[in-house]
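Please read these notes with the sequence and the model open side by side. The points follow the chain through a few of its elements.

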Amino acid sequence: MKMRTKKLCSLLLAGMLVMGTAACGSEKEAQADTGVQTEAEEEALPASDTEAEAEDGENREEENLEDADPVLETSGEEGINDNENRKDQYMGTLLDLCMENRLPDGSAVPSPTEGASGKMSDNRFAVCDIDGDGKRELIIQYVTAPTAGMMELIYDYDNETKSVREQLREYPLLTYYDNGMIEAGWSHNQGLSGDTLWPYTLWEYDAEADAYRVTAEVEAWDRKISETDPGWNISFPEEIDADGDGVVYYVRPEGVSDYIDPIDGPEYEQWRDSCLGDAKTVDVAYEEMTEQNIYMIE
């Protein structure tokens, strides 16, 4: 499914197998005048029946494969074991979080009994293929903490280490797209964006590395908030604001910390469309963080 959208963003920023076995055998024909089968026909009947049974078996096997769960659609026992290991690791990760307030990397998270707001069931999780690689990931949304401690994490199962591997950690204000992109809203909007835009980081799933990469960090400057940017000691760039709406946008590529020139609204929309295109948002089916729900993971 993967689209290598990052290359396009960077430019703007700088069958089914064919079965070959045919059914063999011929229908039994009675002798017109005697009603007696020839010796050749009698010898052919068992082979014909056997081949028909083999064909039926192949058809049934093909139907079973078509109806199989994509996660379990593996070749042999090893694939099934991998799926069971994945499920066990996800369950263990969630139980450690619920009972010991501990993440897989050993770090502790604020516990509701230690002053964090809410209760453990206010946190949520989901097990689904969020990046489109054909394997299910574990998503944890942890909100029973001060704002700075709230987070949403994505874990994948590493078959080599037989453990979970963190793919993403962000503030829990995420929008998932079906092309592998994630829009991660920042925890605070204290800049010059105002109500025009909530600042965000756009992530892209890299299928080759099985990891998420930052495409850009995005924020805006709304002239109604301020005529000057005290951080860079500059005045509002009227020459950039060609459409005259009093808003310009900053699209900062990964790794760039120096000042960058803003762009106007139409150019920003063109860049965003190059990244998201016709991608649709994904509704994640979260479950409450309870032991009962954890043990029901399939």
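1. Ile140 is placed opposite Leu153, a residue of strand 3. Strands here are DSSP runs of E with at least two residues, helices are runs of H or I with at least four residues, and both are numbered from the N terminus.

2. This is a predicted model, in which local features need pLDDT of at least 70, side-chain atom pairs count only at pLDDT 80 or more, and totals for chains, interfaces and linings use all residues. Residues are numbered from 1 along each chain as its sequence is written, and side-chain values use heavy atoms, with hydrogens and water left out.

3. Strand 2 (residues 137-142) runs antiparallel to strand 3, with five bridges. Two strands count as paired if DSSP finds at least two bridges between them.

4. Strand 3 also pairs with strand 4 (residues 163-170), again in the antiparallel sense, over seven bridges. Here the bridge partner of Leu153 is Arg169. The two strands form a hairpin with four residues between them, and Lys162 in the turn has a positive phi of about 55 degrees.

5. Eight of the eight residues of strand 3 (residues 151-158) are buried, so the strand is largely enclosed by the rest of the structure. Buried means under 20% relative accessible area, with a 1.4 Å probe and protein chains only. Met151, Leu153, Tyr155 and Tyr157 point one way, while Glu152, Ile154, Asp156 and Asp158 point the other way.

6. In helix 4, the buried residues include Tyr268, Trp271 and Arg272. Gly277 follows this helix and has a positive phi, near 55 degrees.

Definitions and conventions: Buried < 20%, exposed > 50% of the residue type's maximum accessible area, 1.4 Å probe, protein only.
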